[in-house]
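Here are my notes on this one, as numbered points. Have the viewer open while you read.

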Amino acid sequence: MKNKLYYVLFLFYALVVAFVLYINGVFAGEEPDFVTMLINIGFLIIIGVLFVISTVSFGRLNRCTDELVAMTEQLSKEYKASGGKNLWASIQERKDVFTNSELRIAFHKYRARIKSYRTKRGLVGTCELEEYINEDLLDRVGMSFFNSGISGTLTGLGILGTFLGLSIGLGSFSGNDIYTISDNVGPLLSGMKVAFHTSVYGIFFSLIFNFVYRSIMADAYEKLEEFLNAFKQFAQPIAATEDENSAAMLVYQANMANAMKQMLDLMKGNAMEQTAGVERIANQFVEKMNGVLGVQFQKLGNNLKSAGDVQMTYANSSKDLIEAATALVEVNRNMQEVLKQMLQRQEGFAKELQEQKEKLNVTCDEISDEISNQLYAFDQMRSLYEK
């Protein structure tokens, strides 16, 4: 498995230690040069300490990514068991979603952010879990700030060993004639051996560590991507869309308009009935009273008839009010259609912006990779030139 690949570092470390002991004649029973062994042992101890620190960080990263994998499988199983229902309602209050401290803290912040969007009508907004659980979090857990510099440090140690060995060899070399020079060839070769050996295993360890580190981080990013995709599919909180809010507003306005229309119809009907009843009563009363009192009650009948006319005018005014309210409802409906079209255009524009963003990210990644490759090639050429 890629996340256990860092064990290979210790295998190669043991092989290099055995190789250093072999070339210094330890296995053959020869007495090694003290300075040479001291330099090699010092360099190997430094490299071993760096590997131990990196191993601790890789172990933390593995525990984090293993929990992401377990959560991905759990979400998939619970989603199938629930019949395809969104799982956010069942996990938003759970305290055992993550046991890893880094993941638990990040998920708690995400949950608090989602709660801030909740109103009486439900969620009015949402955000991506990727804002809290992302590659930056994995880089922090895996100590990328430290491990990213190990490869260069190992190469630097190899170069340092080269110059140190040459300095020791040249410092022991002296003489003015062929006889004295030949006597100092041994110390010179011993120093050159230190120089070449430290350069070899420094660059060797640098290449091996760089491969292991990149493989482990790529595997961690892949597991993170799988978890985020599963969360979006199975448990992403869903907020009410603008279209749903607009539809609810339209229904509310339509219900209000219908209620107003029914009230006005009822008022209109009562007014007409009251007017007709008043006219009948007035006519009957006038007929009866004319037979008894004559002209005085004729005037009273005319006044009552005028009151009936006023009631008819009120009924007509009520009808005009109904027509005005109907026109207002129609204007509101037209306005909602315009708003709906504007929202659709904004969604299209947002999709275009997202596509441009993705293209820009891809271009930036390609440029970054190209720059990294050129820097790596330049570093190799500089190392060869310095040698």
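1. Start with Gly83: just after helix 2, this residue takes a positive phi of about 80°. Helices here are DSSP runs of H or I with at least four residues, numbered from the N terminus.

2. Some ground rules: this is a predicted model, with local features needing pLDDT of at least 70 and side-chain atom pairs pLDDT 80 or more, while totals for chains, interfaces and linings use all residues. Numbering runs from 1 along each chain as its sequence is written, and side-chain values use heavy atoms, leaving out hydrogens and water.

3. Helix 2 itself has 48 residues and reaches 69 Å from first C-alpha to last, close to the 70 Å expected at 1.5 Å a residue (that is, 1.5 Å times one less than the number of residues).

4. The largest nonpolar core has 53 residues, and Phe98, Ile133, Leu154, Phe205, Phe227 and Phe231 are those with the most contacts inside it. A core here means buried (under 20% relative accessible area, 1.4 Å probe, protein chains only) Ala, Val, Leu, Ile, Met, Phe, Trp, Tyr and Cys residues joined through side-chain atoms within 4.5 Å. Helix 9 gives the largest share, 16 residues.

5. Take a look at Phe205. Beyond neighbours within four places in sequence, Phe205 is in contact (heavy atoms within 4.5 Å) with Phe12, Tyr13, Val16, Leu44, Ile47, Phe51 and Leu154.

6. What classes of residue make up the lining of the second largest cavity? By class, there are 2 nonpolar, 4 polar and 1 charged residues, with Asp379 and Thr155 among those lining this cavity.

How values were computed. Buried < 20%, exposed > 50% of the residue type's maximum accessible area, 1.4 Å probe, protein only. Helix = DSSP H or I, 4+ residues; strand = E, 2+ residues; numbered from the N terminus. 1 Å grid on protein atoms, 1.4 Å probe; cavity = no way out; pocket = protein on both sides within 12 Å on 5 of 7 lines; lining within 4 Å. Nonpolar A, V, L, I, M, F, W, Y, C, P; charged D, E, K, R; others polar.
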